[in-house]
Amino acid sequence: MAAYSVQVFNAGGKFRVVSTKPMPGNQWIQALVNAGCRVEVCTSQKTILSVEDILSLIGSRCDGVIGQLTEEWGETLFSALKKAGGHAFSNMAVGYNNVDVEAANKHGIAVGNTPVTKCLSHVPSWAESFRPAGSSISPLNAVLHKSALKEAESETSQRIEMTVDSCNLRGVLTETTAELAAALTLSAARRVVEADDFMRAGKYDGWLPNLFVGNLLKGQTVGIIGAGRIGSAYARMMVEGFKMNVIYYDLYQSKFLENFVTAYGNFLKSQGETPVTWKRASSAEEVLREADVVSLHPVLDKTTYHLINKERLSMMKKEAVLVNASRGPVIDEVALVEHLKVNPMFRVGLDVFEAWESQCLRADSPTLVMITQDEPYMKPGLGELPNAVVVPHIASASKWTREGMATLAALNVAGKLQGFPVWHNSNMVLPFLDENSPAPKACPSIVNAKVLGLQVAAPVSKM
Ligand SMILES: NC(=O)C1=CN([C@@H]2O[C@H](COP(=O)(O)OP(=O)(O)OC[C@H]3O[C@@H](n4cnc5c(N)ncnc54)[C@H](O)[C@@H]3O)[C@@H](O)[C@H]2O)C=CC1
Ligand SMILES: O=C(O)C(=O)CO
């Protein structure tokens with residue numbers, strides 16, 4: 001059995017909760033202690049704990065665990081947690097493709113995730129003109145509300161309210177990740193990393209007309225595959241920041257994104273500028289063919305595993321920019337390396353890599369399986385290519401976001417152990433993150449709440 005070291009908080013707590021990694025901030029620990037938990041934080045220096053490591057942490061008595069997206073949470077760990085008397089688990093991540101939820105369901109273990117959100121802290125001044133006279137609603141909401149009302153005339157008020165709220169509440173994890181995707185877009189398009197290396201190597205000896213010439217973004221087309229929270233936030237940044245036109249592909253229509261781009265286009269037109277446009281593509285291929293920049297933000301499942309393969313890469317423009325801040329296996333990384341080698345003007349910005357996330361849904365099994373990991377965490381050749389910008393899964397690495405994720409993960413476990421209901425809308429979890437007021441007595445986000453028959457808290461009145 002692997003030896004492990006732990007840091008213990010509230011040793012006399014009635015529940016035993018294990019965190020497989022130290023996490024940022026202290027609010028998450030306080031939340032567990034306030035719920036009567038003894039908290040044991042694994043302090044092993046090992047970057048990714050194995051199933052055996054986590055089994056030894058769970059031991060013979062464990063009520064809940066906070067795990068990481070790098071860990072393989074499946075039958076072995078959930079059966080051990082159940083045997084130890086536990087029924088609460090949370091990933092410290094919004095993505096949970098590393099979790100075999102069916103196995104958790106089988107053992108009655110709640111699976112939490114962390115779709116951190118916050119209100120929009122700013123409303124663009126251009127939206128002011130849309131605010132109804134005397135209205136207290138924010139101008140941006142006025143735009144969205146009016147179109148949501150128009151589109152949802154037959155809807156109940158709650159649905160309209162939720163429509164507006166979901167438009168208004170963006171994910172701080174979402175915004176943080178979208179900002180990194182934007183950073184990767186610019187770094188790749190304008191060859192920032194190549195130029196930085198060039199300077200540090202002392203090779204710069206004067207301005208040249210063709211030195212590190214890259215791509216202009218303004219007026220170009222940005223493509224999003226997976227226009228959910230992060231994809232929509234990223235699209236908005238590229239529209240507002242660089243006046244790009246949007247083409248997106250998703251299983252669902254993104255009314256928020258469409259309404260936003262339409263409203264911003266109308267504003268630009270009112271200022272005598274060329275309006276931005278949006279288009280909902282009927283396939284991922286349509287996005288790949290038409291876009292100058294493509295950013296990937298789908299969940300990882302069997303429909304998106306190797307979504308970007310050799311054939312689809314060949315559909316893209318020769319000088320396109322491809323960004324991935326979702327999950328590595330969305331791209332066939334071996335095919336990508338070959339494409340980058342023969343297309344030096346094609347550029348990528350990658351935050352995630354196929355190797356350590358090599359999980360896929362086997363045809364004969366509905367659950368995720370971890371397949372052998374390649375070492376190092378990039379496919380051979382990728383690290384040597386000048387037309388690739390690569391960073392180590394840092395898209396959510398802002399202080400606020402990581403502390404918020406830790407707090408939500410802790411509140412998922414603490415709430416389940418206290419028998420709290422599940423929060424009514426996992427897109428509106430800001431009340432759980434306000435350090436100046438007690439968190440709602442609910443679990444912020446449990447992905448298998450319905451299957452486990454967990455009670456859902458009623459929405460709090462807006463009055
Ligand atoms: N690199 C990082 O640090 C981070 C990565 N992520 C990843 O980003 C993913 C997306 O996060 P969110 O936007 O919050 O999730 P979300 O659930 O709001 O959006 C995901 C979107 O993917 C769409 N989708 C699913 N299957 C698809 C398909 N076959 N083709 C096209 N679209 C499809 C869904 O309809 C949904 O709109 C997460 O699942 C996670 O894996 C999230 C946060 C940080
Ligand atoms: O939340 C997620 O899915 C992440 O990848 C965290 O960085």
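The predicted model contains an open sheet of six strands with mixed pairing, in the order β1-β3-β2-β4-β5-β6. Strands here are DSSP runs of E of at least two residues and helices runs of H or I of at least four, numbered from the N terminus; two strands pair if DSSP finds at least two bridges between them. Because β1 (6-9) and β6 (110-112) each have a single partner strand, they stand at the edges, and one side of each is left without a neighbour in the sheet. On average, neighbouring strands of this sheet are turned by 20 degrees against each other, direction ignored.

Within the sheet, β4 (residues 64-67) and β5 (residues 88-91) pair in the parallel sense over four bridges. Ile66 stands opposite Ser90 in β5.

Helix α2 (residues 51-58) packs on the sheet, where it touches β1, β2 (15-19), β3 (37-42) and β4; contact means heavy atoms within 4.5 Å. Axes are lines fitted to C-alpha atoms, for helices over the stretch in contact, and angles run from 0 to 180 degrees between N-to-C directions.

| Pair | Angle |
|---|---|
| α2 and β2 | about 155 degrees |
| α2 and α3 | about 5 degrees |

The axes of α2 and α3 (residues 75-83) lie 10 Å apart. The two helices are therefore roughly parallel to each other, a term for angles under 35 degrees. Val51, Ile54, Leu55 and Ile58 of α2 meet Thr76, Leu77, Ala80 and Leu81 of α3.

Residues are numbered from 1 along each chain as its sequence is written, and chains are lettered from A and ligands numbered from 1 in the order in which they are written. In this predicted model, local features need pLDDT of at least 70, side-chain atom pairs count only at pLDDT 80 or more, and totals for chains, interfaces and linings use all residues, while side-chain values use heavy atoms, with hydrogens and water left out.

Technical notes
Angles under 35 degrees count as roughly parallel, over 145 as roughly antiparallel, 65 to 115 as roughly perpendicular and the rest as oblique.
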